[in-house]
Amino acid sequence: MPDLNELRTHIDALDATIMNALSERFALMRDIKAVKANLKINTTDPNRETVVLNRANAYEFSASIQAVYQRIIEVSKDL
């Protein structure tokens, strides 16, 4: 049986990776919004959102991953 502390250490490392990636993603979303504003195009793209959400189908726990990404997309729109 795996050691609880080892498992938690691994989770902590993954959380740091996820949080760093989210920070970078949100910064890129800010940049994308600025470009779209310059081009005078709609900031939302339902087709792009569908493509991103469908990528979760390749993973175990796909429904849960899709739910998380749906929230990430919502938060990104609010930036």
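**Figure 1. Lys40, out in the open between two helices.** Lys40 is exposed, with a relative accessible area of 75%. (Exposed here means over 50% relative accessible area, buried means under 20%, and partly exposed is what falls in between, using a 1.4 Å probe and protein chains only.) You'll find Lys40 in the loop between H1 and H2. Its phi is positive, about 55°, even though Lys40 is not a glycine. For background, most residues other than glycine have a negative phi. A quick word on what you're looking at: this is a predicted model, where local features need pLDDT of at least 70 and side-chain atom pairs count only at pLDDT 80 or more, while totals for chains, interfaces and linings use all residues. Residues are numbered from 1 along each chain as its sequence is written, and side-chain values use heavy atoms, with hydrogens and water left out.

**Figure 2. The whole chain, before zooming back in.** The chain has 3 helices and 0 strands, and from the N terminus on its elements run α-α-α. (Helices are DSSP runs of H or I with at least four residues, strands are runs of E with at least two, and both are numbered from the N terminus.) The C-alpha trace spans about 55 × 25 × 15 Å along its principal axes. What radius of gyration does the chain have, and what would a compact globule of 79 residues have? The chain has 16 Å, whereas the globule would be near 12 Å. (That radius is taken over C-alpha atoms, and the globule rule is 2.2 Å times the number of residues to the power 0.38.) Buried residues make up 11% of the 79 residues. The chain exposes about 6,600 Å², with carbon and sulfur atoms supplying 59% of it. (Areas come from the Shrake-Rupley method with a 1.4 Å probe; for residues, only the protein chains shown count as cover.)

**Figure 3. Phe61, another positive phi in a loop.** Phe61 sits in the loop between H2 and H3. Its phi is near 65°, a positive value in a residue other than glycine. At 58% relative accessibility, Phe61 counts as exposed.

Figure 4. Lys36 belongs to helix H1, which covers residues 4-39. (Contact means heavy atoms within 4.5 Å.)

**Figure 5. Glu49 and Lys77, a salt bridge from helix to helix.** The structure holds 2 salt bridges, and in this one the side chains of Glu49 and Lys77 meet at 3.0 Å, N to O. Glu49 lies in helix H2 (residues 46-54) and Lys77 in helix H3 (residues 62-78), so the pair ties together parts that are 28 residues apart in sequence. Glu49 is buried at a relative accessible area of 18%, while Lys77 is partly exposed at 38%.

Figure 6. The side chains of Arg71 and Glu74 meet at 3.3 Å, N to O. How far along the helix are these two from each other? They are 3 residues apart in helix H3, so about one helical turn separates them. Arg71 is partly exposed, with a relative accessible area of 47%, and Glu74 is partly exposed too, at 35%.

**Figure 7. Ser76, tucked against residues from another part of the sequence.** Ser76 is found in helix H3. Is Ser76 buried or exposed? Ser76 is buried, with a relative accessible area of 2%. Not counting residues up to four places away in sequence, Ser76 touches Arg25, Phe26, Met29 and Lys33.

Figure 8. Ser64 is in helix H3 and, at 47% relative accessibility, counts as partly exposed.

How values were computed: A salt bridge is a side-chain nitrogen of Lys or Arg within 4 Å of a carboxyl oxygen of Asp or Glu.
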